[in-house]
Amino acid sequence: MTNLLTYEVTDGIAVLTVDSPPVNALGYDVRKSIVDGFEKASADVDINAIVLICKGRTFFAGADIREFGTEPKFPILPEVIATIESSPKLTIAALHGTPLGGGLETALACHYRVALATTRVGLPEVKLGLLPGAGGTQKLPRLTGIPSALEIITSGRQIKSGEALKLGIIDKVCIGDDLSGEAIAFAKELVYQNAARTLVSERNEKTAEHQGQAEIYDAFRAKNSKRFRGFKSVENIIKAIQASADLPYKQGLKRERELFSQLLESRDATAQRHVFFAERETGKIPDIPKTTPVRPINNVGIIGAGTMGGGIAMNFLNAQIPVILLEKKQEALDHGISVIRQNYQRSVKGGRMSEEALEACMKLITPSLDYADLSSVDLVIEAVFETMDIKKTVFSTLDTVVKKGCILASNTSYLDINEIAESTSRPQDVIGLHFFSPANIMNLLEVVRGEKSDPEVVNTGMRLAKKIMKTPVLSRVGWGFIANRVMKVRSYQTDNLILQGINPETIDKVIYDYGFAMGPIAVKDLVGLDVIGRDSGERTVESVLVSMERLGQKKNGGYYDYDKNRQRVLSPIAMEVIKDIAQEKGIEPVPADEGEILARLLYPVINEGAKVLDEGIALRSSDIDIACIKGYNWPVYQGGPMFWANTIGLKKVLGKLQEFEQRFGEAFTPSPYLVRLVEEGKEF
Ligand code: 3H9
């Protein structure tokens with residue numbers, strides 16, 4: 001027995017308690033302990049039942065993801081499960097925290113499952129580009145039926161105890177919070193009643209209903225085709241679930257194994273694994289340890305009730321943090337608040353929010369036209385017009401009204417936080433909190449650390465992000481910070497390609513096929529050409545289209561024309577404008593195939609990422625990946641630009657950039673850091 005498992009016996013019930021922080025992942029030592037524990041209890045004639053339970057914050061949160069891609073060490077999880085299932089004793093899993101993936105599969109090997117009311121179970125393997133590979137796809141449908149299993153396993157969502165009980169995934173929800181006490185009592189009761197010892201694998205009623213019904217899976221695929229596009233694991237999940245209905249259990253299990261093995265080393269799984277750890281890494285700042293104090297944020301002031309300010313406010317309202325929303329004019333304030341209400345109403349209509357929750361959120365807003373109202377808030381976020389002078393006026397005014405220790409944050413996208421900070425007498429309390437549009441939806445929060453920002457203030461910003469369900473990425477001060485800066489170069493190259501005669505539809509197709517939800521030109525039309533082309537001052541395709549009142553989807557079409565169902569066709573007017581501007585600028589057509597178009601659009605993003613790293617703006621390359629994934633919906637199964645670059649090979653990326661530099665000029669000049677990495681045979 002390893003020291004990860006404690007073996008105790010109470011009234012003929014063996015209680016096996018595993019303790020392997022932080023999340024009791026099912027690594028080799030844990031697996032070995034479970035097998036040893038079950039073998040010991042199973043061999044003991046005085047034991048009637050076995051309770052499997054974990055210490056710490058959760059029941060097994062799944063297989064140990066760090067072990068994927070390494071040589072398997074036996075016993076592997078399916079063997080652990082086989083050991084549990086072959087025990088002659090009555091077996092009960094006692095669940096708390098988040099029994100996920102292999103953790104839930106382990107629980108499903110037991111005859112019964114009891115859980116705390118706060119427990120959330122799930123099979124989230126899809127988020128790692130995988131499928132449940134230890135029986136989950138064969139067992140869950142046997143409990144919930146095929147339609148629910150399809151929904152649960154392809155979404156990977158967490159299910160609260162109440163719903164899990166209704167679905168038949170668990171058998172009992174505890175009344176109080178003494179899980180071990182209630183699990184032992186439950187075990188005794190089951191033994192006393194001589195309760196059935198039916199394994200989930202032996203239950204076929206729910207799956208038999210759908211045997212041979214291929215049409216259910218086709219309908220499910222068709223209904224979700226947009227959401228599933230590009231995700232290889234989803235198709236394998238559907239096939240595995242179909243096997244649970246169409247094949248006997250053992251054959252279904254074999255099919256699951258085959259489908260799991262196909263994914264384990266796939267591009268998606270390696271990329272999504274990278275993203276899993278990268279997401280957790282962003283919170284780690286080498287010179288700001290976790291022990292750094294955090295300032296309490298119990299109320300927030302937001303300056304500017306426009307699209308951005310309103311969206312930012314919603315994040316706090318959703319987290320039940322009161323907001324004082326400040327505007328210059330009553331009209332703007334009323335409009336901003338009504339937009340927030342409309343946004344919530346859309347959620348209510350879609351069944352994602354209740355009327356009561358909507359009203360509760362709206363009640364947390366205090367409208368204001370007076371800076372003095374901000375005197376007692378813990379944090380102010382400024383979201384006013386993107387002009388340095390205006391920002392400085394706002395910050396110097398705030399400096400005169402807010403209390404000592406209040407954090408002053410700017411949502412600027414491009415401006416210098418250090419300069420803004422110097423307009424106050426407390427630059428140590430100033431940071432950037434850069435949200436991405438739409439601010440109530442996009443997950444990224446860039447926390448911008450000024451030269452004088454206090455570590456405590458930075459730490460508070462990083463922790464706050466989690467509270468409002470965002471992923472924080474730390475950035476130093478620099479034009480565009482991380483995500484906007486690296487993605488801007490794709491935009492420049494889009495414009496160049498268009499002027500060189502590449503069909504806009506082809507550009508959109510290449511980016512869509514790579515995995516983005518929309519191509520860059522369709523995005524311009526969606527955002528509005530008047531917004532995109534603002535401030536350039538130059539005669540560009542967009543400025544001409546705007547002068548013709550072609551603003552994009554919202555008015556008269558842009559690069560594309562739209563019908564009433566928003567179906568688009570390339571606009572002949574826009575094509576004429578492109579030709580004219582290219583002629584004015586003396587740009588000759590340069591044909592390019594799809595591979596070259598992709599490289600010319602996205603290799604500069606990698607190159608800009610290398611510069612961002614070299615300048616110390618980002619802490620690590622994986623932070624850039626997360627910024628692009630969470631801020632710009634970079635396809636998660638590509639792992640972000642820097643991870644993608646590693647998979648292509650940096651030497652190849654560099655070679656292409658050098659070729660493009662020769663052909664098209666300095667926009668492609670490789671970052672010296674990238675050159676150095678290649679010379680040293682290193683990766684990002
Ligand atoms: C699977 O089970 C496959 C099977 O079907 C088939 C097998 C044959 N492994 O997120 P946190 C680490 S696939 C290794 O910050 P929270 C994490 O990296 C797996 N490490 O905490 C972090 O480390 P560090 C299916 C893991 O409270 C620390 O734990 N299961 C694992 O916000 C704390 O994590 C999943 O996909 C793991 N499985 O959230 C569940 N999980 O401190 C994945 C966590 O060094 N995990 N770590 O940065 C989660 O969703 C969340 O971690 C959880 C806790 C909800 C559990």
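Predicted model: local features only at pLDDT ≥ 70, side-chain atom pairs only at ≥ 80, totals over all residues.
Residues are numbered from 1 along each chain as its sequence is written, and side-chain values use heavy atoms, with hydrogens and water left out.

View 1. Eight strands with mixed pairing follow the order 11-10-9-12-13-14-15-16. Strands (E, at least two residues) and helices (H or I, at least four) are DSSP runs numbered from the N terminus; two strands pair if DSSP finds at least two bridges between them. At the edges, strand 11 (365-368) and strand 16 (471-476) each pair on one side only. Direction ignored, neighbouring strands of this sheet are turned by 25° against each other on average. Strand 10 (residues 323-326) pairs with strand 11 in the parallel sense over four bridges, and Leu-326 stands opposite Ser-368 in strand 11.

View 2. Helix 17 (residues 388-401) lies across strand 9, strand 12, strand 13 (407-410) and strand 14, where contact means heavy atoms within 4.5 Å. Helix 17 runs at about 170° to strand 13; axes are lines fitted to C-alpha atoms, for helices over the stretch in contact, and angles run from 0 to 180 degrees between N-to-C directions.

View 3. Six strands are arranged in the order 1-2-3-4-5-8, with mixed pairing. Strand 1 (5-10) and strand 8 (172-173) are the edge strands, each with a single partner strand, so one side of each has no neighbour in the sheet. Strand 5 (residues 112-115) and strand 8 pair in the parallel sense over two bridges; the bridge partner of Ala-115 in strand 8 is Val-173.

**View 4. Helix 25 and its two faces.** The buried residues of helix 25 are Ala-574, Val-577, Ile-578, Ile-581 and Ala-582; buried means under 20% relative accessible area, exposed over 50%, and partly exposed in between (1.4 Å probe, protein chains only). Seen down the helix axis, these residues fall within an arc of 130°, so they line one face of helix 25; the arc is that of the directions from the helix axis to the C-beta atoms. The face turned away from the buried side carries the exposed residues Pro-572, Lys-579 and Gln-583. Cover for the buried residues includes helix 20 (483-499), helix 21 (504-514) and helix 24 (541-547).
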